[in-house]
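This report describes a protein chain together with its ligand, beginning with the domains and then turning to the ligand shell and to a few individual residues.

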Amino acid sequence: MAKVWFVGAGPGDPELITLKAQKLIAQADAILYAGSLVSQAATQWARPACVIQDSKGMTLAEITDWLIAQSVAEATVIRLQTGDPSLYGALIEMVQPLDQAGIEVGVVPGVTSAMASAACAVESLTLPEMTQTVIFSRVEGRTPMPEGESLEELGRHHCTLCLYLSITLLQKVRTGLLAAGWQDDARIVVVHKASWPEEQQIIRGTLATIKEQCKQAGINAQAMIIVSPALGARQWPEIKKSKLYDAQFSHRFRKASQIQE
Ligand code: SAH
């Protein structure tokens, strides 16, 4: 029976695709990739006979029609998507027509751009006693935000926020976070094309400065915004250490050192 796989291609660097994705690509009969974002290198493992198409310019209905049309006999069909398919990837909208057509579906996760951005900036999204929570979100643009998910509300947690699809809305990021109680000198990092070897750019600034910095750098797409009380911790003279490696803290694999009082 044919199967359609929604495969996360990762953030851009072809080496950040999973082994599972690579194996599936190598056996695929048809691959539809999201041209504007997924590095074409991700298709480099496909068989010569594999039908490969860029979905740039296709509507959702055209995409699902294509996937259904390719799902003949025992075909392995891949929808190759940027980052991870479960984040801002229209996954359910594509799965539903396949369910209706009785076609089997599978998903292969990918490295999402928030993680690739943290990696290339050498930032930890969690830091003991600073923040232990990460929110993946976006700022309201044409897509309305559900109730309770405005930046003003999410920002009140003062945890790490990774904002997708919002690079053209930096003014809204600032006003939302100021309304949530953040200061104008709060640190913010923008990573453009994280993990793209030649094009990756890291811009560090504050809520007050970042918009102008991104304008100067010409960044207006494919960028991740990270705001977090943990940003820049690499340079701090002192940080609270993780309990996991604390000699006085037992866990499943190690007993605490016996300290004589
Ligand atoms: N499913 C994707 C997100 C798709 S939405 C994922 O998991 O990453 C597209 C948004 O993702 C862009 O607006 C940008 O915010 C972010 N993005 C995608 N690739 C990126 C990259 N290489 N570097 C930084 N941000 C990226």
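In this predicted model, the domain assignment of the chain gives two parts, domain 1 (3-108) and domain 2 (113-235). Their centres, taken over C-alpha atoms, are separated by 29 Å, and the contact between them takes 9 residues from domain 1 and 11 residues from domain 2.

**The ligand and its surroundings**

Both domains take part in the shell around the ligand, since at least three residues are drawn from each of domain 1 (3-108) and domain 2 (113-235). There are 18 residues around the ligand, and of these L87, T112, S113, A194 and A223 come nearest. Sorted by class, the shell holds 10 nonpolar, 6 polar and 2 charged residues. Backbone atoms of D84, L87 and M224 lie at the following distances from polar atoms of the ligand.

| Protein atom | Ligand atom | Distance |
|---|---|---|
| D84, backbone N or O | oxygen | 2.8 Å |
| L87, backbone N or O | nitrogen | 2.8 Å |
| M224, polar backbone atom | nitrogen | 3.5 Å |

On its own the ligand has 550 Å² of accessible area, of which the protein covers 94%. The elements that give two or more residues to the shell around the ligand are α4 (113-120) and β10 (223-227).

A polar atom of the side chain of S166 lies 2.6 Å from the backbone oxygen of Y164. When residues up to four places away in sequence are not counted, S166 touches R138, V139 and I225.

Most residues other than glycine have a negative phi. Against that background, A73 has a positive phi of about 45° although it is not a glycine, and H158, likewise not a glycine, has a positive phi of about 50°. A73 has its place in the loop between α2 (60-70) and β4 (76-81), whereas H158 lies in the loop between α5 (151-154) and β7. With a relative accessibility of 66%, A73 counts as exposed, while H158, at 32% relative accessibility, counts as partly exposed.

Technical notes:
Residues are numbered from 1 along each chain as its sequence is written. This is a predicted model: local features need pLDDT of at least 70, side-chain atom pairs count only at pLDDT 80 or more; totals for chains, interfaces and linings use all residues. Side-chain values use heavy atoms; hydrogens and water are left out. A polar contact is a pair of N or O atoms within 3.5 Å; within protein, one must be able to donate a hydrogen and the other to accept it, and residues adjacent in sequence count only if both atoms are side-chain atoms. Contact means heavy atoms within 4.5 Å. A residue is near a molecule or strand if one of its heavy atoms lies within 4 Å of it. Accessible areas come from the Shrake-Rupley method with a 1.4 Å probe; for residues, only the protein chains shown count as cover. Helices (H or I, at least four residues) and strands (E, at least two) are DSSP runs, numbered from the N terminus. Ala, Val, Leu, Ile, Met, Phe, Trp, Tyr, Cys and Pro count as nonpolar, Asp, Glu, Lys and Arg as charged, and the others, Gly among them, as polar. Domain bounds come from an automatic or database domain assignment. Buried means under 20% relative accessible area, exposed over 50%, partly exposed in between (1.4 Å probe, protein chains only).
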